[in-house]
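Here are some questions on how terms are applied to a structure, with answers that set values against definitions.

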Amino acid sequence: MSVFLLSKHKVMHPLRMKKQNQFSIIGTGAVGGYYGGLLQRAGFDVHFLVNHDYEHVAKHGLQIDSINESFRLPEVKAYHQPEHMPCCDVVIVALKTTANEVLKDILPHVVGDHSVVLTLQNGQGSDEEISEIVGADHVLGGLCFLCSNKIGPGHINHLDYGLITLGEYRADGKPGGITPRLEHITAQLQSAGIPSRMVEDLAHARWKKLVWNIPFNGLSVVRNQLTDELIKNPETRKLCLTLMQETATASAAVCRPIEPEFIEKMIADTERMEPYAPSMKLDYDRGNPMEIEAIYGHPIRAAEQAGIDMPETRKLYEELKILNPAV
């Protein structure tokens, strides 16, 4: 993949501990629109890169419907071209991983000497891709446990949850620990009403999120069912457990072990969840490319290299590739 590295004079420095950070949102959809909206409502200076509905958002702002509290932002700082955006303290990447090819043309315009790039993307591989563009020292990884959909131009519907788990990215896959900049950004998110927590081990956290994403994203597509239907049906519930256990086995070989109690928690959380169409099903229903490589291809290949087979996961991966709409 061809990339544009930041120029040599852009050496990483610690994040300047401003009282309030400036944020940019790359991808103003279900994830970026929701979290960016909360940040702006809390008084942060937020800059939104908007694609298809730029004209609408520039004119009418954002509407956030939420189980917590709905609100409207009649005016937002919206941009259609990254070269017109300022370099902000925190650059939140909330694009679908299927669009990551465009990041090499975006990030060099918006990442400055003291910027931190926070990836809020599904699956694995995005931290590495972004580090090739901006340098590993600029990258924090974030995992969202969020039920949120974009239902119209500039219109986000938040259904449930919202937790962001943040960790320091390390190219060697080792735990990055809790750093001052991680604490600072987490505190800023929390002050905006965004549930946030820090982890010392980002790579392990990404494997743990796959415990939920691998069964429920893919099966929602191939079975054409919402999460409540998948968890209530004995046959699909058993398959979900098998896929979760395969993921945990792969994590133990590639990264670190996942405690069995975590699988039980994911099942219980899904049982309590409102009936939900995961992002992959929404993409498929809309005729958009699905995030198959980030959620399935990357972990399957990583497990293979560690000598671990994921037969049910691979079967689901192959089914999804056949169904995947053309890019």
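Q: What is the volume of the second largest pocket, and what makes a space a pocket?
A: The second largest pocket of this predicted model has a volume of about 330 Å³. On a 1 Å grid over the protein atoms alone, a pocket is an open set of points with protein on both sides within 12 Å along at least five of seven lines, whereas a cavity is a set where a 1.4 Å probe fits but cannot get out. Points are joined across faces, edges and corners, and the volume is the space filled by probe spheres set on them.

Q: Which residues line the second largest pocket closest to its centre?
A: Lining residues have an atom within 4 Å of a point. Of the 20 that qualify, Gln124, Glu128, Gly173, Ala203 and Trp207 are the closest to the centre. Helices H4 (126-134), H6 (202-222) and H11 (292-305) each give two or more residues to this lining, and H6 has the largest share, with four. Helices here are DSSP runs (H or I, at least four residues), numbered from the N terminus.

Q: How do the lining residues of the second largest pocket divide into nonpolar, polar and charged?
A: There are eight nonpolar, four polar and eight charged residues. Asp, Glu, Lys and Arg count as charged, Ala, Val, Leu, Ile, Met, Phe, Trp, Tyr, Cys and Pro as nonpolar, and the others, Gly among them, as polar.

Q: Why is Ser279 called buried?
A: The relative accessible area of Ser279 is 18%, and buried means under 20% (exposed is over 50%, partly exposed in between; 1.4 Å probe, protein chains only). Ser279 is therefore buried. This residue is found in helix H10 (residues 279-285).

Q: Why does Asn217 count as buried?
A: Asn217 has 1% relative accessibility, so it counts as buried. Asn217 lies in helix H6.

Q: What joins the side chains of Ser279 and Asn217?
A: A polar contact of 3.5 Å joins them. The term requires a pair of N or O atoms within 3.5 Å, one able to donate a hydrogen and the other to accept it; residues adjacent in sequence count only if both atoms are side-chain atoms. Asn217 also has a side-chain polar contact of 2.8 Å with Asn213.

Q: How do you know how far to trust the model?
A: The mean pLDDT, the predictor's confidence in each residue from 0 to 100, is 93 for the chain, and 94% of residues reach 70 or more. Over residues 1-14 the pLDDT is below 50. Local features need pLDDT of at least 70 and side-chain atom pairs 80 or more, while totals for chains, interfaces and linings use all residues. Residues are numbered from 1 along each chain as its sequence is written, and side-chain values use heavy atoms, without hydrogens or water.

Definitions and conventions:
Contact means heavy atoms within 4.5 Å.
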